[in-house]
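Hi,

Here is the structure I promised to pass on to you. Have a look at it first, and then read on for what turned up in it.

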Amino acid sequence: MFERVCIVGVGFMGGSFALALKERYPQCQIFGIDINHSAISKALELKTIDGGSTQIKDTLRFDPQLVVIATPVGTFEEIAKALAQLDIKCVITDLGSVKGRIVYMMEEHLGGNFVGGHPIAGTEKSGVENSLKDLFKGKRCVITPTEKTSPQAKKMVKDLWQSLDALVEEMDPYLHDYIFGAVSHMPHAVAFALIDAIARLSKDGVNLFEYPGGGFKDFTRIASSDPIMWRDIFLENAENIVKAIEVFQESLDTLKSLIVSGKAYEITQYLSKAKELRDRIV
Ligand code: NAI
């Protein structure tokens, strides 16, 4: 089914996608484009890709059936413009964490052959050397077709994710950003801010980072994520993230005032409700 796929951005996600594709379609040739020469040479060395270039214009030479954009979301517009200029006719999708405005912007440049996608799978690691071939297996993958999306392009992208054992869900691009602004982007902001708070609480020769408990490590694992990737997500989904942070601040204020006023019963109620909701997550 797939013989030539081009991946723009050969980092953790692009590399994981390439490995998954190679396992499922061993005959498929994968061409990587990355502005970072060392990402291309590492990916070639690891045999994650079969060929590569730092020049997006080389996409044309490879004549792909599918282009997958796997760069930080702040680069999407320049990539869409470059692909449009090359007059690429094949289906184009992405792995970006923000959809909403981006999907409509991509469509303006690329037309109905663009299908937005966001695999809900990842880690705090970046770079092709950390790629995982089984990353998408059994994981949800949200696709965000619009009324402009070509039905054939949508089918191709949907079938592809299903063939990689992902659980495909269609969603409105803006609803996607509301949901993931709350359950993914805001928690990342909180983890980064928690590290900042611990740094500021370290004083007078007491380095609090020398005493990390299991909970602290679990909670802050995602603060090791790539700053450029997260800067782009925060800027692109700012409205939803700011609203979610405000709601979180209210929740924290409620807990804080219960602690300040020493209301043991109410604190137990608050924590029990949170535990019950958390325990329901599968
Ligand atoms: P990464 O930092 O591992 O890889 C990004 C790659 O893109 C790097 O090799 C970089 O050199 C390259 N790049 C940057 N600008 C470029 C440009 N203009 N042209 C070509 N290449 C360029 O990042 P990662 O984790 O692979 O993330 C990629 C995308 O996947 C992001 O949009 C992110 O939001 C999304 N995503 C990430 C997840 C994660 O857990 N890491 C999960 C789901 C989505």
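Let's begin with the record: an unreviewed UniProt entry places the feature "domain: Prephenate/arogenate dehydrogenase" at residues 3-282 (positions follow the numbering used here, feature names are shortened, and annotations may be inferred rather than shown by experiment). Please keep in mind that this is a predicted model, where local features need pLDDT of at least 70, side-chain atom pairs count only at pLDDT 80 or more, and totals for chains, interfaces and linings use all residues. Residues are numbered from 1 along each chain as its sequence is written, and side-chain values use heavy atoms, leaving out hydrogens and water.

Where they meet, 18 residues of domain 1 are in contact (heavy atoms within 4.5 Å) with 17 residues of domain 2.

Now for the ligand. Around it are 29 residues, and Met-13, Asp-34, Thr-71, Ser-97 and Gly-127 come nearest (a residue is near if one of its heavy atoms lies within 4 Å). For Gly-127, a backbone N or O atom is 2.8 Å from a ligand oxygen. The protein covers 89% of the 830 Å² of accessible area that the ligand has on its own (Shrake-Rupley method, 1.4 Å probe).

Enjoy exploring!

Key:
A polar contact is a pair of N or O atoms within 3.5 Å; within protein, one must be able to donate a hydrogen and the other to accept it, and residues adjacent in sequence count only if both atoms are side-chain atoms.
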